[in-house]
Amino acid sequence: MKVITANRLLDGDVVWLGAGNAWVERITMAEVFEGKDAVAGALATGAAAEKNQEVVGVYDTDVTLENGVITPKRLREKIRAAGPTTHPNLGKQAQAVSA
Amino acid sequence: MYRYDEFDASFVTQRTEQFKDQVRRRLAGELSEDEFKPLRLMNGLYLQLHAYMLRVAIPYGTLNGRQMRKLAHIARTYDKGYGHFTTRQNIQFNWPKLEDTPKILEELAEVEMHAIQTSGNCIRNVTADHFAGAAADEIADPRPYAEILRQWSSLHPEFSFLPRKFKIAITGAPHDRAAVQVHDIGLQLTRNEAGEIGFEVFVGGGLGRTPMIGRKVREFLPEEDLLAYSEAILRVYNRYGRRDNKYKARIKILVHETGLEDLKADIEAEFEKIRFGVLLLPEEEVRRIEAYFAPPPLEVRAETSAAVDARRKSDAAFAQFVAHNLNPHRVPGYTSVTLSMKPIGGIPGDASDAQMDVIADLAEQFGHDEIRISHEQNVILPHVKLDDLPALFDRLVAAGIAEGNAGLITDIIACPGMDYCALATARSIPVAQRISERFGTPERQAEIGELKIKISGCINACGHHHVGHIGILGLEKKGEEFYQVTLGGSANENASIGEIIGRGFSSEEVVDAIEKLVDTYLGLRQTNEETFLEAYRRVGEAPFKEALYGVDA
């Protein structure tokens, strides 16, 4: 089970490929891909977006569903999805509180 | 300090204009990321985990109040209210938007700053002793030479595409505070028997995945040969350094694979070809550059201060600060003050915009408008009257940068680690914070004495863990953070690479492990004056190993 992620060109913000091939700012809104073909197709969509100057550095990463919530397997991806663990008031984790 | 001449100013302005156009073309889709990436890196702009990161050069760690205030302004206006001082005496901003970066570079150029050569396979920002121009033990101020090297190396056409990055450090004092022996070129100022200034030259030091102590290639290089000899080293490296494998591309590998004597012969042969050419350093040019670094006029004062003595008796925090954060000044009645960017439990090297503004004010009010950034991620006011220390300390307390822990166990170097860095394999900062909290009481820190802990979040060793008295390297093992501990490293004139002591520790275990090492040291030191490193060098790893792993380990 995977999601496709990248950084947005303009501000470098972490984004994931979501419904309708839109790049979303929350991993919870990401589209989950299962199976080799689905992931390859999504990466191709990502590559096109990269070419189209939307995002930079597209790759796939493993996730699990924890109580129905998309959760990255790797710590690195958990930190990307939340923000620096040293600054709970910065990054997506901070926006999550106010959102 | 150095002032840009017309060439410097127009060069930086041109470069800013170029980058502005490159960003415009990137945003317009005229440049792909593959095309743009080397261009942005040449201007210090990285893409990290959460955002872009801009690394701004602070040449040889020297800046003034106006420049520090500009850094504060950038942190406030274009970033998230803070900056991070690095082990290369630079500052990093962690959240700039791509479209804002040309404007940031324009603002930096207004105060004679830039981000050129803070990245890429070129000669990076030349670093120097942070007490340069002030230290009592100094032979001469190393910064004029650092500035000469900066001018020579800036956009040097031959050395813009080296096999790998290239770092030069220089110290003017016999006690090396600039870690010169773990740089690609390390320069130690010295005098010959005739009293002339020259350099001991080390080549091929470095940290990263293959740590090595630099090898001495010259006992005494005359001042006038500084550039020709540096050029000779770089030419030999540029020609023979490996380009087939990024991990074997630094000059240290070339030194190792070629052998010191052969490489020295190559360097000397190249040097002989060019030594009396255009790179011969004219005496008057050295003196001209030196004049920019002329020390402020400091009248000799009493060697002790009644105001300091009185305050010390009544204020334990002040006493601790005075005991640890002052470095002897060459002029009686003055001192160099370390402003600790390591508050207990805080993030090593981070400073808020407000703190940067305060530092600028204090430099102007108490420090002849001079500021230094140390490779240990602290800020220094190099020229402060002893009598001003109580007033200065009060202002530092108010700003939250008054910790009296310079050189102590909580004065930890830590790289940004996995909280920011795309290369990291584990977090560094949270480990530093937990160690700082564990040992943070003034009594405990003072009891332990000098102990340098250095933490890197990956094998690239930005946190200098190889040369920590205790080094910690964060890795990933089976998806978990995992920390390898080394002992006995040092980056001073008796440099050594730390040795791995045994199996590593989980994030939960690592602080307890450090405490066991510290307790072992306290139990075996011969006197309170014997430092951790001295004790380790005397007894070796056995007692420390036993404390961590038991007798059967």
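Visitor: Where is the place of His368(B)?

Guide: His368(B) is in the loop between α12 (353–366) and β14 (371–373) of chain B; helices (H or I, at least four residues) and strands (E, at least two) are DSSP runs, numbered from the N terminus. This is a predicted model, in which local features need pLDDT of at least 70 and side-chain atom pairs count only at pLDDT 80 or more, while totals for chains, interfaces and linings use all residues. Residues are numbered from 1 along each chain as its sequence is written, and chains are lettered from A and ligands numbered from 1 in the order in which they are written.

Visitor: What is the phi of His368(B)?

Guide: Most residues other than glycine have a negative phi. The phi of His368(B) is positive, near 55°. This residue, His368(B), is partly exposed, with 18 other C-beta atoms within 10 Å. A residue is buried if 20 or more other C-beta atoms lie within 10 Å of its own, exposed if 12 or fewer, and partly exposed in between, with C-beta atoms placed from the backbone.

Visitor: Is Ala179(B) buried or exposed?

Guide: Ala179(B) counts as buried because it has 25 C-beta neighbours inside 10 Å. Ala179(B) also has a positive phi, of about 55°, although it is not a glycine. Its place is in the loop between β7 (168–171) and β8 (185–191) of chain B.

Visitor: Which residues point one way from β7(B), and which the other way?

Guide: Ile168(B) and Ile170(B) point one way, Ala169(B) and Thr171(B) the other, and all are buried. As for pairing, two strands pair if DSSP finds at least two bridges between them. Strand β6 (residues 127–128) of chain B pairs with β7(B) in the parallel sense over two bridges, and Thr127(B) has Ala169(B) as its bridge partner.

Visitor: How many bridges join β17 (residues 453–456) of chain B to β18 (residues 470–477) of chain B?

Guide: Four bridges join these strands, which run parallel, and Ile455(B) has Ile472(B) as its partner in β18(B). On pairing with strand β19 (residues 480–487) of chain B, β18(B) runs in the antiparallel sense, over eight bridges. There, Gly471(B) stands opposite Thr486(B). β18(B) and β19(B) form a hairpin with two residues between them, and Lys478(B) in the turn has a positive phi of about 50°.

Visitor: Which residues have the most contacts inside the largest nonpolar core?

Guide: A nonpolar core is a set of buried Ala, Val, Leu, Ile, Met, Phe, Trp, Tyr and Cys residues joined through C-beta atoms within 7 Å. The largest has 179 residues, and those with the most contacts inside it are Met68(B), Ile170(B), Ile233(B), Ile359(B) and Ile472(B). Helix α6 (residues 226–240) of chain B gives the most to this core, with nine residues. Two residues are in contact if their C-beta atoms, placed from the backbone, lie within 7 Å. Not counting residues up to four places away in sequence, Ile472(B) touches residues including Val431(B), Ile455(B), Tyr483(B) and Val510(B).

Visitor: How many residues does the contact take from chain B and from chain A?

Guide: The contact takes 20 residues from chain B and 22 residues from chain A. On the side of chain B that touches chain A, ten residues are nonpolar, three polar and seven charged. Here Ala, Val, Leu, Ile, Met, Phe, Trp, Tyr, Cys and Pro count as nonpolar, Asp, Glu, Lys and Arg as charged, and the others, Gly among them, as polar.
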